[in-house]
Amino acid sequence: METATPVKRRVPRPRADALRNRERIVAAAREMFVEFGPDVPFDEIARRAGVGNATVYRNFPDRDALAREVVCSVMDRTSEWIESALLEGGDAFQALSDFVHFAADERIGALCPMLSEAFDQHHPDLFAARERTMEMVDALMRRAREAGQLRPDVESGDLMVAVSQLTRPLPGTACQGIDRFVHRHLQLFLDGLRAPARSVLPGVAATVEDLRTA
């Protein structure tokens with residue numbers, strides 16, 4: 001008795017326009033989460049993305065799904081950027097500085113309100129993206145520290161807290177309006193990271209684990 005060979009069904013790929021709409025929704029949500037917080041109405045996100053409400057809900061059935069995609073997309077791009085910078089080599093502190101400014105352009109400050117207690121921080125997609133990002137940040141800082149360019153009393157937790165705070169606009173302030181200040185303030189912060197240290201920092205260096213248990 002012969003056994004019929006299972007028929008492999010092709011999974012249809014999303015259409016190009018559907019993928020573009022999804023990307024526009026995520027980009028619009030990232031901007032609005034930064035400006036107005038995680039509770040911004042879906043219809044406002046749809047309006048900024050230039051799509052209908054149904055398109056938003058078709059891609060993201062609830063707020064958690066959209067917030068998770070925003071966070072993961074930012075973290076994935078950040079990890080890819082750092083990985084590329086590490087492969088290129090070059091000046092270690094310049095790579096760290098470039099990362100900080102890249103993080104600002106990615107609206108990394110949106111991550112703070114997204115990662116509240118109400119958010120599912122243990123979702124496998126989020127966990128994987130977060131772990132990879134922090135491994136890459138640690139590697140970038142370790143390289144600058146080993147080159148003698150980064151002061152020894154700071155850790156990745158210090159860096160990420162400062163970047164998040166300095167790149168988050170005040171509520172109701174447009175992202176575009178604060179851009180002219182963000183990179184200026186980040187450069188002041190970066191100057192303070194350079195070795196040799198010009199002052200003694202109060203307290204102890206904050207690691208990523210410290211941030212998780214805070």
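Me: Where does E209 sit, and what makes that stretch a helix?

Reply: E209 is placed in helix 10, which spans residues 208–213. Helices here are DSSP runs of H or I with at least four residues, strands are runs of E with at least two, and both are numbered from the N terminus. This is a predicted model, where local features need pLDDT of at least 70, side-chain atom pairs count only at pLDDT 80 or more, and totals for chains, interfaces and linings use all residues. Residues are numbered from 1 along each chain as its sequence is written, and side-chain values use heavy atoms, leaving out hydrogens and water.

Me: Why is E209 called partly exposed?

Reply: Buried means under 20% relative accessible area, exposed means over 50%, and partly exposed is in between (1.4 Å probe, protein chains only). E209 has 44%, so it counts as partly exposed. In space, E209 and S156 are 9.8 Å apart, C-alpha to C-alpha, although 53 residues separate them in sequence.

Me: What makes S79 buried?

Reply: S79 has a relative accessibility of 1%, so it is buried. S79 belongs to helix 4 (residues 63–88). Beyond its neighbours within four places in sequence, S79 is in contact (heavy atoms within 4.5 Å) with A129, R132, T133 and M136.

Me: Is E69 buried or partly exposed, and how do you know?

Reply: E69 has a relative accessibility of 27%, so it counts as partly exposed. Helix 4 also holds E69. Not counting residues up to four places away in sequence, E69 touches R22, V26 and F60. E69 and R30 are 39 residues apart in sequence, while their C-alpha atoms are 9.5 Å apart.

Me: Why are helix 7 and helix 8 called roughly perpendicular?

Reply: Two packed helices are described by the angle between their axes and the distance between the axes. Axes are lines fitted to C-alpha atoms, for helices over the stretch in contact, and angles run from 0 to 180 degrees between N-to-C directions. Under 35 degrees is roughly parallel, over 145 roughly antiparallel, 65 to 115 roughly perpendicular, and the rest oblique. Helix 7 (residues 124–146) and helix 8 (residues 156–166) have axes that come within 10 Å and cross at roughly 110°, so these two helices are roughly perpendicular. Helix 7 brings M134, V137, D138 and M141 to the contact, and helix 8 brings S156, L159 and M160.

Me: What makes up the lining of the second largest pocket?

Reply: A pocket is an open set of points on a 1 Å grid over the protein atoms alone, with protein on both sides within 12 Å along at least five of seven lines; a 1.4 Å probe that fits but cannot get out marks a cavity instead, and lining residues have an atom within 4 Å of a point. The lining residues here are M141, R151, V154, E155, D158, L159, A162, F189, G192, L193 and L201. Helix 8 and helix 9 (175–193) are the elements that give two or more residues to this lining.

Me: What joins A195 and P196?

Reply: A cis peptide bond joins A195 and P196, with omega about 0°. P196 lies in the loop between helix 9 and helix 10. Most peptide bonds are trans.

Me: How many helices and strands does the protein chain have?

Reply: The protein chain has ten helices and zero strands. Of its 214 residues, 41% are buried.
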